[in-house]
Amino acid sequence: MRNWTEYALCGFVACLLLFIPAGNAAAAGSGGYVGVFGGYTMPDDLEVSGGSAGSGDLGLDSGYVAGLKGGYIPPQMQYVAVELEYFYTSNDFENQAVGASRINSGDITTNNLFVNALLRYPVNWFQPYVGLGIGWSWGETSGSGTGSLSRILNQDANDFAWQFLIGADFVFHPQWAIDVGYRYVNCEYGFDTGDGELTNHMITVGLKYRF
């Protein structure tokens, strides 16, 4: 999974560079904005360590993300933006055997609140950006299984999280834009039965309204 997502990210960045237009087409836009987004998630294995659950990597299926955001672009500094966003993710556990443990079914869901800082290129109808975000994530596991690793199931925890973002706004109206992006999100949850580190790769599509 990790190699596949690296190739996908390289291809995504290459596509963004290919579609940078040469001429002016739309105003850069500044001030506040709100948006909604959703997309496809491709998690790495959940890395379990310590505690009564022992240690091991649990495979996760691809899933989905849905969220909303609000942001501000200073009129005097249109190359930067700050955002506050919330998003929800859900990924199922694969049916799997890891050593003496077996996971029959289950999922891990997260609720996330982030503050993002973006560097953007506010020219033309194509406006690429990169950014970093810090925040807090609430994670919950559910499911059934046997063996020590199954003790990570039916747990909940919350902890510090961070993310890296890259993407572009496609402006089709002075107040409206379609946002296409990739994000890398990481959090290590301190469950009662051990730590569970979740890394999620996400491809998202959203709609922004500027006011």
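**View 1. Ring pairs tie F37, F87 and F114 into a cluster.** Rings of Phe, Tyr and Trp (taking its six-membered ring) count as a pair when their centres lie within 6.5 Å. A search of the whole structure turns up 10 aromatic pairs. This is a predicted model, in which local features need pLDDT of at least 70 and side-chain atom pairs count only at pLDDT 80 or more, while totals for chains, interfaces and linings use all residues. Residues are numbered from 1 along each chain as its sequence is written, and side-chain values use heavy atoms, with hydrogens and water left out.

**View 2. Y79 and Y121 make a tilted pair.** Their ring centres sit 6.3 Å apart, with 55° between the planes; planes under 30 degrees apart count as stacked, over 60 as edge-to-face and the rest as tilted. This pair links distant parts of the chain, 42 residues apart: Y79 is in the loop between β4 (63-73) and β5 (80-92), and Y121 in the loop between β7 (101-120) and β8 (126-146). Strands here are DSSP runs of E, at least two residues, numbered from the N terminus. Y79 is partly exposed at 48% relative accessible area, and Y121 is partly exposed at 42%. (Buried means under 20%, exposed over 50%, partly exposed in between, using a 1.4 Å probe and protein chains only.)

**View 3. W125 meets F126 edge-to-face.** The planes stand at 80°, so this pair gets the edge-to-face label, with centres 6.2 Å apart. W125 is partly exposed at 31%, whereas F126 is buried at 2%.

**View 4. R183 lies over the face of F87, and K208 over that of Y129.** R183 is 5.3 Å from its ring centre; K208 is 5.5 Å from its own. To count, NZ of Lys or CZ of Arg must be within 6 Å of the ring centre and within 35 degrees of the ring normal.

Notes:
Helices (H or I, at least four residues) and strands (E, at least two) are DSSP runs, numbered from the N terminus.
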